[in-house]
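Trainee: Please take one part of this protein and go through it closely. I would like to know what lies around that part and how the rest of the chain relates to it.

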Amino acid sequence: MKIKTLLSVFLLIAIGFIISSLRLTSSISSLSSDEMSIKRGEKIVMNYCALCHGGEDGKLSGKMMDDIPKFVGTIHTSNITNNIEKGIGKYTKDQLRTLFRTRIKADGKKANMLMPIFPLMADEDINGIIDFLKSDRFAVQSSEATYPPQKLKWIGRTFDKKVKIGTMPDKPISLPDTSNKILWGKYMVTAVYRCYECHSGEMIPDDYNPTVSKKYLQGGHTMYDMERKKVKVRNITPDLKTGIGLWTEDDFYKLINTGVRKNGKNVRSL
Ligand code: HEC
Ligand code: HEC
């Protein structure tokens with residue numbers, strides 16, 4: 001059963017989303033703290049959440065996830081613009097916080113398995129995301145987009161049941177030391193952009209302890225690219241033979257900025 005591929009086929013992730021986020025926002029320090037928080041959130045939302053929530057009108061108005069195999073169901077992402085009825089205008093900041101930590105929506109129901117949670121993300125980033133969603137930026141301005149009800153078939157429901165709701169953190173979560181590149185990178189990989197979700201061997205990874213995932217960052221899953229051709233998720237550990245141990249920082253930036261891998265080949269988009 002190909003359910004393993006589920007978490008990928010629909011995640012139209014071109015690797016580019018990591019780009020700017022790995023470089024921290026030192027240039028915005030002259031802004032007010034509200035503006036800084038919005039900028040912080042904007043970066044994460046537009047580089048990551050938008051891959052799923054980006055709609056035809058150029059806003060975060062949601063879309064049908066057409067890549068999901070029909071045997072799984074017919075699923076759409078939510079309109080997360082400020083529209084009161086059709087978007088998330090009614091969500092309070094606390095309700096958004098609860099959703100991002102636990103997957104529980106404002107209506108009390110669990111968001112389906114496609115909506116990720118962020119249990120390790122620092123409060124500052126969660127708050128930034130919320131401030132951005134509540135801002136007047138174009139991407140979140142009211143959109144009327146609506147979609148037919150979510151319809152999961154048996155296989156989809158079975159998978160969805162295995163994806164549990166999370167718990168609220170019992171203490172504040174602070175950012176790692178941003179001057180420590182290793183800690184910062186780990187934070188990006190495990191807490192913000194969830195690289196382990198594809199690059200490890202678990203079907204449903206433990207979002208609370210990603211580093212103990214089976215084959216953590218060693219690759220494993222076979223996914224499908226945009227042309228529905230099989231593509232193996234790569235080993236991105238420092239292993240010299242099978243991983244990216246020989247890559248320089250420039251090689252990595254080249255991949256992120258141009259999509260060209262160290263071996264000169266283009267990375268395939270999912
Ligand atoms: C892999 C695709 C995917 C990604 C990435 C993703 N979402 Fe979602 N999101 C969904 C789906 C699918 C739903 C609908 C869940 C449902 O209706 O049960 C959803 C629901 C939501 C909702 C609930 C709205 C409602 O209808 O109550 C909000 C808010 C939201 N997402 C915000 C975000 C934010 C912010 C991010 C990034 C930090 C994000 N999502 C990343 C797929 C995604
Ligand atoms: C949606 C799944 C998915 C996510 C999330 C993801 N990747 Fe990947 N990644 C892939 C796939 C699939 C490939 C292989 C593409 C190919 O071979 O053309 C890949 C390739 C790579 C490569 C190239 C390795 C090589 O040997 O050429 C690097 C480096 C990489 N990813 C790093 C990351 C980082 C860092 C993150 C998180 C910031 C991340 N990826 C998130 C699926 C993903």
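Mentor: Helix 4 is mostly covered, with eight of its eleven residues buried. A residue is buried if 20 or more other C-beta atoms lie within 10 Å of its own, exposed if 12 or fewer, and partly exposed in between, with C-beta atoms placed from the backbone. Helices (H or I, at least four residues) and strands (E, at least two) are DSSP runs, numbered from the N terminus. This is a predicted model, in which local features need pLDDT of at least 70, side-chain atom pairs count only at pLDDT 80 or more, and totals for chains, interfaces and linings use all residues. Residues are numbered from 1 along each chain as its sequence is written, while chains are lettered from A and ligands numbered from 1 in the order in which they are written.

The buried residues of helix 4 are Asp-125, Ile-126, Gly-128, Ile-129, Ile-130, Asp-131, Phe-132 and Leu-133. Their cover includes helix 2, helix 3 and helix 6.

Take helix 2 (residues 33-53). Its axis and that of helix 4 (residues 123-133) are 7 Å apart, at an angle of about 90°. Helix 2 is therefore roughly perpendicular to helix 4. Axes here are lines fitted to C-alpha atoms, for helices over the stretch in contact, and angles run from 0 to 180 degrees between N-to-C directions. Angles under 35 degrees count as roughly parallel, over 145 as roughly antiparallel, 65 to 115 as roughly perpendicular and the rest as oblique.

From helix 2, Asp-34, Ser-37, Ile-38, Arg-40, Gly-41, Glu-42, Ile-44 and Val-45 meet Glu-124, Asp-125, Asn-127, Gly-128, Ile-129, Ile-130, Asp-131 and Phe-132 of helix 4. The residues of this contact divide into six nonpolar, four polar and six charged. Ala, Val, Leu, Ile, Met, Phe, Trp, Tyr, Cys and Pro count as nonpolar, Asp, Glu, Lys and Arg as charged, and the others, Gly among them, as polar. Two residues are in contact if their C-beta atoms, placed from the backbone, lie within 7 Å.

Not counting residues up to four places away in sequence, Leu-133 touches Ile-80, Ile-88, Leu-96 and Val-140.

Helix 6 holds Val-189, a residue that counts as buried because 20 C-beta neighbours lie inside 10 Å. Leaving aside neighbours within four places in sequence, Val-189 is in contact with Cys-195 and Tyr-196.

Helix 2 also gives the most to the shell around ligand 1, with seven residues. In total 23 residues surround ligand 1, the closest being Cys-49, Cys-52, Ser-78, Leu-114 and Met-115. A residue is near a molecule if its C-beta atom, placed from the backbone, lies within 6 Å of it. By class, this shell has 17 nonpolar, five polar and one charged residues.

As for the whole protein, there are eight helices and four strands. Buried residues make up 29% of its 270 residues.
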